[in-house]
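Q: Please take a close look at the disulfides of this structure, and at the aromatic pairs as well. Where do they sit, and what do they join?

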Amino acid sequence: QSCKMIRALVSVFLLAGCLAEPLRISLKKVPANQLQARTTRPYLHALAKNSLTGSSVPLHNFLDAQYFGEIGLGTPQQLFSVIFDTGSSNLWVPSSNCALFNLACHLHRKYNAAKSQTFKANGTKFAIEYGSGSLDGYISVDTLTFGGVKVLNQGFAEAVNEPGLAFVAAKFDGLLGMGFPQIAVAKVVPPIQNMIDQGLLEEPVFSFWLNRDPDAPNGGELVLGGVDPAHFKGEQLWVPVTRQGYWQFQLDSMQVGASKLCPNGCAAIADTGTSLIAGPTDEVASINKAIGASSAVAMQCKSIVQEYLPLIISAVEDMPLDAICGTLGLCPAAGMAAKVESVSRRLMSRLGGQKAILAGRTRDTTLLPEQGSAVPAWAKLMSANSQAAGVQAGVLCDFCQAAVQYVKIALASNETVEQIANAMGDLCDSAFAGLDAGPSQVECKKLPSMPNITLKIAGRDFILTPEQYVLKIESAGADPQCISGFMGLDVPVGPLWILGDIFLGAYHTVFDVGQSRLGFADAA
């Protein structure tokens, strides 16, 4: 009996020695170079104040700018790259029994129950609704290796069907949710809760440091059971979790320049599974307007207008107005009617008696298109990029007519090329407003003059500079694109702000499960 007690005491001391240091997981970051590849994942109905049985609220999830790390499942362990996601509470990986036409599954590592000595069957059906369809499969139980320790009897989902193309191109295999048990599908105990229950963590906390340096080989670090002081500067600001499920807390307000949003406070969520900051559509539109952001199609439009403005001016001067849009193939050759008076009237008001000299205007007729031909870049923008965003032919015709009408009047009023370009930019915004659901863009060269954005939490200002809230996308052989870090998302229980990696990269975050609180500090 005494020998058993001694062995037990030795085991306790050894375990204490093992837990003296927090567990560390290095994070990898996917380069942000394909912002078109996105999917949505659910905000489950558990969040709703009223019954939303069977409903889901999608959150845009930009898969090209995600942080992920490695875990193991089974004995011997089978390795998987997963996103560590505080906006959900389930672990799922592709199954070796995935559907024949599940291309994403066949291009990623798959869990094979037959190869694990510690596998336990469960079989409960599992499904999560995404914007592109339902990710479904079934629950299994096995040993999870996470942060170098083994979590026994961890329930997880074997994904049989993965919706859409977004998962096909993803650099990760699955997802490990780090939210509270209240939002776990099928009531599966989340991995972090199992680790706490099994005494595997020195403290019931975990923390994220996300390295925002795009050239750094180390994408960041997830620390389990503690905090690394080297990852932040100054003191942590602690705020209570106001509603368990997601990591939800109270946001006092937001401010862009002189404009104040959410003045009476609103709910916010710290979500490592989201790249951008999402919020109420109207308020995000105000932010994007304040920082000069436009839709992707509008930005393409502005770029083409800037490059080909001399040609457009020459065409307006030397061709009949009713022939220009037909020549470009954007309107019927005959019977074109002026459908854009309201847009034109707003733009004409910019003229307001200005009598500037048109600087650098050219009448080089060698630039003019032959009758029946089209301006290549202009036509490409209107017919390809715009139609890909769902723009109808009538909108393109309206845009062309408004542009031609405006340029004609501007020339007669001696507007400068710069003034015409600015007004045409406004026309691009007006013509394609609401037609592109993708992220908004800003001109990269304007970053130094853009305003800071301030989020007030528990009385403290958390400032995001343009360099922090704008994603710069580098593509080989192309000019860089600058993407606004703000996206509109309306939820039934809003207003609700989802603070993703844009915010969490600037501010190191501690997720304290034991005391149900969050800690924010300047990231090192």
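A: A residue counts as buried when its relative accessible area is under 20%, and as exposed when that area is over 50%; partly exposed lies in between. With that cut-off, C98 is buried, and C105 is buried too. The model is a predicted one.

Start with the disulfides. A search of the whole structure finds three. One of them links C98 and C105, with an S to S distance of 2.1 Å. The torsion about this S-S bond is about -85°, so the disulfide of C98 and C105 is left-handed.

Another joins C262 to C266, S to S 2.0 Å. This link is left-handed as well, with -125° about the S-S bond. C262 has 5% relative accessibility and therefore counts as buried. C266 counts as buried, also at 5%.

Then there is the bond between C444 and C482, S to S 2.1 Å. Here the torsion is 120°, and the link is right-handed. C444 lies in the loop between β20 (440-442) and β21 (453-457), while C482 is in strand β24 (residues 478-484), so the pair ties together parts that are 38 residues apart in sequence. C444 is partly exposed, with a relative accessible area of 22%. C482, at 1% relative accessibility, counts as buried.

Now the aromatic rings. The whole structure holds 16 aromatic pairs. Among them, F84 and F146 are stacked, 5.6 Å centre to centre with 15° between the planes. F84 belongs to strand β5 and F146 to strand β8 (residues 133-146), so this pair ties together parts that are 62 residues apart in sequence. F84 counts as buried at 1% relative accessibility. F146 is buried, with a relative accessible area of 0%.

The rings of F206 and W247 have centres 5.9 Å apart and planes at 90°, so that pair is edge-to-face. F206 is in strand β11 (residues 205-210) and W247 in the loop between β13 (232-240) and β14 (248-251), so parts 41 residues apart in sequence are tied together. Both F206 and W247 are buried. They also belong to one aromatic cluster, formed by F180, F206, F208, W247 and F511.

F180 leads on to S89. The side chain of S89 reaches the backbone oxygen of F180 at 2.6 Å. The S89 side chain also reaches the backbone oxygen of G179, at 3.3 Å. S89 lies in the loop between β5 (78-85) and β6 (91-94). At 1% relative accessibility, S89 counts as buried.

One ring meets a charge: the charged end of R517 sits over the ring of W238, 3.7 Å from its centre.

Key: Residues numbered from 1 in each chain as written. Predicted model: local features only at pLDDT ≥ 70, side-chain atom pairs only at ≥ 80, totals over all residues. Heavy atoms only, no water. Helix = DSSP H or I, 4+ residues; strand = E, 2+ residues; numbered from the N terminus. Buried < 20%, exposed > 50% of the residue type's maximum accessible area, 1.4 Å probe, protein only. Polar contact = N/O pair within 3.5 Å; in protein donor to acceptor, adjacent residues only side chain to side chain. Phe/Tyr/Trp six-rings, centres within 6.5 Å; stacked < 30°, edge-to-face > 60°. Lys NZ or Arg CZ within 6 Å of the ring centre and 35° of its normal. Disulfide = S-S within 2.5 Å.
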